[in-house]
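Reader: I have a structure open and would like to go through it with you. Could we take it piece by piece?
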Amino acid sequence: MSDDMRTVMERFDDLEEMIQYFIDEHQEFLSWIGTRVDDVGDGTMTLSLPYDEKLSNTRPDTEPGERADIHGGIAATLIDTAGGLVLRTKLDEPFGARIATINLNVNYLRPATGDLSATADVIRVGGSVGVSEITVESTTPDGETTEVATGQGAFRIFRPE
């Protein structure tokens, strides 16, 4: 890990704050769509995203006043992001390694029409590959929460030498 990264890491009290900084300062797309770090634990993490019309597609049968569905690529982005980031909770130096997606599987269950929340859990972290499972839920303005997508990712871990 570079001395610059060590200096940045020393400014934060916990991994949650550090990951939020990483998203805000180094992941322009994730920052633009409004990705927030809600919770980080040992082998688990939750990211969220508020509903925003700019991230949606209106179906031809959408009734006036009805919310448009969030584009499925947004749920896939949360699955990919949370799935890779959660592996860092199991590393000795969470930002000492680079992580790249090898394979991503997304199962869409139903349209999302509200805020999104993605909870990722580590399945295994090996020497060079990690696997995680992710569930995405959507909460509508009236408070109803349902699962909208599930996924699993395999990620290459490039550890420092």
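Reader: To start, is K54 buried, partly exposed or exposed?
Author: K54 counts as partly exposed, at 42% relative accessibility, where buried means under 20% relative accessible area, exposed over 50%, and partly exposed in between, with a 1.4 Å probe and protein chains only. Please keep in mind that this is a predicted model, in which local features need pLDDT of at least 70 and side-chain atom pairs count only at pLDDT 80 or more, while totals for chains, interfaces and linings use all residues. Residues are numbered from 1 along each chain as its sequence is written, and side-chain values use heavy atoms, with hydrogens and water left out.

Reader: What does the side chain of K54 meet in a salt bridge?
Author: The partner of K54 is D52, at 3.8 Å from N to O, a salt bridge being a side-chain nitrogen of Lys or Arg within 4 Å of a carboxyl oxygen of Asp or Glu. D52 is partly exposed as well, at 28% relative accessibility.

Reader: How many salt bridges are there in the whole structure?
Author: A search of the whole structure gives three. One of them joins R36 to D24, with the closest N and O atoms 3.7 Å apart. R36 belongs to strand β1 (residues 36-41) and D24 to helix α2 (residues 15-26), so this pair ties together parts 12 residues apart in sequence; helices (H or I, at least four residues) and strands (E, at least two) are DSSP runs numbered from the N terminus.

Reader: And which side chain does K90 meet?
Author: K90 meets D42 in a salt bridge of 3.1 Å, N to O. That pair links distant parts of the chain, 48 residues apart, with K90 in the loop between α4 (72-85) and β5 (98-108) and D42 in the loop between β1 and β2 (44-49). D42 counts as exposed at 61% relative accessibility, whereas K90 is partly exposed at 41%.

Reader: Back to α2, which of its residues are buried?
Author: The buried residues of α2 are L15, M18, I19, Q20 and I23.

Reader: Changing topic, which residues lie nearest the centre of the largest pocket?
Author: Those are F22, Q27, L85, R88 and I99, out of a lining of 17 residues. The lining divides into 10 nonpolar, four polar and three charged residues.

Note on methods. 1 Å grid on protein atoms, 1.4 Å probe; cavity = no way out; pocket = protein on both sides within 12 Å on 5 of 7 lines; lining within 4 Å. Nonpolar A, V, L, I, M, F, W, Y, C, P; charged D, E, K, R; others polar.
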